[in-house]
Amino acid sequence: MAQDNDQYEDYDLDGYEDGFEDEEDRYKRQEMLPEFAGKQDLLAQKHVAIVGVGGLGGLCSVLLSNAGVGKLSLFDSDSIAWSNLHRQIIFTEEEAEALIASKINSVTKFIEKRNSATRLNTSNATVTSKTIEALNKCDLVLDLTDNPKSRADIARGALRAKIDLIEGAVSGYTGQVALFAFSQPDFVKKHGCYSCLVPEMYQPFKGITGPAAAYVSSLVAHIALAYLLGDNSMVGTLVRTDLQHLTMKKMQLQPDPKCPVCNFLQQLA
């Protein structure tokens, strides 16, 4: 028998499913949580950009839409492949068979069927730093790509435009998530930028499992929602997870005094 010293309340959920429900009841379960109570209107005003809608970004975009984030800008230039299906749960065999089926189109249709109130902007063009800089009214960018060059470009654009950024990555059974609050005036001085972290953040691709991708995707969505609702506890923090050994470790991001990216920009400021 497992013993836990933490105290838990006994929840009586009987009756919650009884009676008629309508659109107004959509978010009532998450509004039972103090972090969400009375804040659905705030979430509805938020704009999140997600780059990459595959193993991490596909599920993450659905979770944010389902939670009530008002506007999502989605970017992905890839088509659906058979090797995606074991972890990218939105896509189908029929789409993989087509060879040219667009990930963006598939995710868009998936979201529209589940929350028609979500405003969607989509693009299958390759994302550059200029693309990110153009999102200067965006509340948060999620970089969930698997390409080192794309990651560097996205982070550089977010840094220049002072747009808050979450970097999420997964390989094998391990995942990493970091929150860069570039909109905060002293963030770079205290915590640096993505380029300061690159040697630690980048992992060679080792294969991947579906549960690991879903776990990290959910972690990114959770951190994003908390931050959008005003929780700054994860700012400047790197989270490393290991699903194989069921471990999680949090570390504070540190600036690299020799970083060629953020040091140069700070000298220009």
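Okay, a definition to start: helices here are DSSP runs of H or I with at least four residues, strands are runs of E with at least two, and both are numbered from the N terminus. An axis is a line fitted to C-alpha atoms, for helices over the stretch in contact, and angles run from 0 to 180 degrees between N-to-C directions.

Now, this is a predicted model, so local features need pLDDT of at least 70 and side-chain atom pairs count only at pLDDT 80 or more, while totals for chains, interfaces and linings use all residues. Residues are numbered from 1 along each chain as its sequence is written, and side-chain values use heavy atoms, with hydrogens and water left out.

Let's look at helix 3, residues 57-67, and helix 5, residues 103-114: they pack at about 25°, axes 10 Å apart. That makes them roughly parallel, because angles under 35 degrees count that way. Who makes the contact (heavy atoms within 4.5 Å)? Helix 3 brings Gly58, Ser61, Val62, Ser65 and Asn66, and helix 5 brings Val107, Phe110, Ile111 and Arg114.

Next, the core. A nonpolar core is a set of buried Ala, Val, Leu, Ile, Met, Phe, Trp, Tyr and Cys residues joined through side-chain atoms within 4.5 Å; buried means under 20% relative accessible area with a 1.4 Å probe, protein chains only. The largest one has 73 residues, and Leu64 and Leu142 have the most contacts inside it. Helix 10, residues 210-228, gives the largest share, 11 residues.

Last stop: Ser171, in strand 5, residues 165-171. Ser171 counts as buried, at 5% relative accessibility. Ile208 is 37 residues from Ser171 in sequence, yet their C-alphas are 5.5 Å apart.

Key. Parallel < 35°, antiparallel > 145°, perpendicular 65-115°, else oblique. Contact = heavy atoms within 4.5 Å. Buried < 20%, exposed > 50% of the residue type's maximum accessible area, 1.4 Å probe, protein only.
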